[in-house]
Amino acid sequence: MTILAIDDEPTMLLHLKSELEKVFPHAELLTFDECDEVLTYLDAPQSRAPQYAFLDIKLRGMLGIELARRIREHCPQTRIIFCTAYSVYALEAYNIPALGYLMKPVTEQKLRDAILHIESQLGTPPEGEAPHDHKLVVHTFGSFDVLYNGTPVSFEREKSRELLALLVDRQGLSMTNSEIEAVLWEDPPSQQYLYTLFHSLRKTLHSIGFDDLLIRSRNRTSIDVSKIQCDLYEFLQGNPDAANSYAGEYMNNYSWAEYTNGRLYSGNFSDFLLAAQIRK
């Protein structure tokens with residue numbers, strides 16, 4: 001996940017960056033104090049489309065309102081949130097449209113509340129479905145991130161997070177314990193440690209109401225792909241927004257993901273499409 005933070009006051013920018021890091025600890029957080037630098041980044045062919053842009057209203061070079069419009073022109077899917085001391089621009093901001101308008105000082109709690117509201121509005125379940133029927137949002141382009149109601153999921157163990165990433169990469173195809181161990185470790189640990197990771201991952205998923213995401217059958221494990229919203233899956237289905245968000249990087253947290261990234265980068269999707277057919 002890529003996030004832009006924009007403010008021409010160094011102290012305010014540093015503070016915004018600090019609070020955003022608490023909410024999005026695994027995101028690629030890019031800070032800018034000049035509007036021209038933001039536009040240069042967006043024009044670069046290798047740049048990734050940001051999921052969020054947090055910006056002040058009054059900036060050097062142009063108003064934040066105008067910069068937000070320019071960001072939306074480049075990346076229509078980017079979610080704009082203003083962080084400002086000026087309430088008089090709120091109406092104009094929402095006409096962009098911006099999805100949030102936070103008054104300074106911005107805090108971690110304000111950010112979490114705003115993101116929760118945005119994600120709940122964008123992901124409102126169909127009539128008759130309960131809130132826990134929301135899907136997990138999984139980002140694989142860039143680094144691997146999992147969000148529930150707009151907030152990054154906190155994993156008890158980093159290796160259990162990687163285990164989930166591997167199962168997402170397999171797109172619903174099941175893996176044996178031995179196959180999982182061969183990917184995650186050069187020298188596999190004791191089998192008991194893998195069971196510990198499964199227990200830790202289940203504990204994390206239980207805490208957000210997704211106990212049934214993991215599908216375990218004897219010695220095999222997969223995930224129920226219907227319960228997640230994933231940029232990789234949308235990319236393979238031809239979603240243009242997902243296609244625009246891929247900039248040649250995939251789960252760059254993990255070396256084993258280079259194989260999938262090579263397939264994506266080369267445009268050789270035959271294996272992926274076969275997996276999609278199996279899922280159906």
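Asp 7, Asp 56 and Lys 104 are linked in a network of salt bridges, a salt bridge being a side-chain nitrogen of Lys or Arg within 4 Å of a carboxyl oxygen of Asp or Glu. The structure is a predicted model, in which local features need pLDDT of at least 70 and side-chain atom pairs count only at pLDDT 80 or more, while totals for chains, interfaces and linings use all residues. Residues are numbered from 1 along each chain as its sequence is written, and side-chain values use heavy atoms, with hydrogens and water left out.

Helices (H or I, at least four residues) and strands (E, at least two) are DSSP runs numbered from the N terminus. Buried denotes under 20% relative accessible area, exposed over 50%, and partly exposed the range in between (1.4 Å probe, protein chains only).

**Salt bridges**

- A search of the whole structure finds 15 salt bridges.
- Side chains of opposite charge can pair when their charged atoms come close.
- Arg 112 pairs with Glu 108 in a salt bridge whose closest N and O atoms are 3.0 Å apart. The two residues are 4 residues apart in helix α5 (residues 108-122), and so are separated by about one helical turn. Glu 108 is partly exposed, with a relative accessible area of 27%.
- Arg 161 forms a salt bridge with Asp 145, with 3.7 Å between the closest N and O atoms. Because Arg 161 lies in helix α6 (residues 158-169) and Asp 145 in strand β7 (residues 145-148), the pair ties together parts that are 16 residues apart in sequence. Both Arg 161 and Asp 145 are buried.
- Helix α6 also holds Lys 159 and Glu 162, which are 3 residues apart, about one turn of the helix. Their side chains meet in a salt bridge at 2.9 Å, N to O. Glu 162 is buried, with a relative accessible area of 9%.

**Nonpolar cores**

- A nonpolar core is a set of buried Ala, Val, Leu, Ile, Met, Phe, Trp, Tyr and Cys residues joined through side-chain atoms within 4.5 Å.
- The largest nonpolar core has 43 residues, and those with the most contacts inside it are Leu 136, Phe 144, Leu 164, Val 168, Ile 223, Ile 228 and Met 251. At least two residues of this core come from each of β6, β7, α6, α7 (177-184), α8 (191-207), β12 and α9 (231-236). Helix α6 supplies the largest share, 6 residues.
- Contact means heavy atoms within 4.5 Å. Leaving aside neighbours within four places in sequence, Leu 164 is in contact with Phe 144, Val 146, Phe 155, Leu 201, Leu 213 and Ile 223.
- Another core, of 24 residues, lies apart from the largest one; among its members are Tyr 41, Leu 55, Leu 59 and Ala 98.

**Helices with a buried face**

- The expected span of a helix is 1.5 Å times one less than its number of residues, and the arc quoted below is that of the directions from the helix axis to the C-beta atoms.
- Helix α1 (residues 10-23) has 14 residues and should span 20 Å, which agrees with the 20 Å between its end C-alpha atoms. Its buried residues are Leu 13, Leu 16, Glu 19, Leu 20 and Val 23. They cover an arc of only 130° around the axis, and therefore lie on the same side of α1. Pro 10, Thr 11 and Leu 14 are exposed on the other side of α1.
- Helix α8 has 17 residues and reaches 25 Å from its first C-alpha to its last, close to the expected 24 Å. Leu 194, Leu 197, Phe 198, Ser 200, Leu 201, Thr 204 and Leu 205 are buried in α8. The buried residues of α8 fall within an arc of 165° seen down the axis, so they line one face of the helix. Gln 192, His 199, His 206 and Ser 207 are exposed on the other side of α8.
- The cover over the buried residues of α8 includes β6, α6, α7, β10 (214-217) and β11.
- Gly 209, which follows α8, has a positive phi near 80°.

**Strands and sheet**

- An open sheet of 4 strands has the order β8-β7-β6-β12, with mixed pairing; two strands pair if DSSP finds at least two bridges between them. The edge strands, β8 (151-152) and β12 (228-230), each pair on one side only.
- Strand β6 (residues 136-139) runs parallel to β12 and is joined to β12 by 3 bridges. Val 138 has Cys 230 in β12 as its bridge partner.
- Ser 222 is found in strand β11 (residues 220-223) and is buried, with a relative accessible area of 8%. Beyond its neighbours within four places in sequence, Ser 222 is in contact with Leu 167, Gly 172, Leu 173, Ser 174, Leu 213, Leu 214 and Ile 215.
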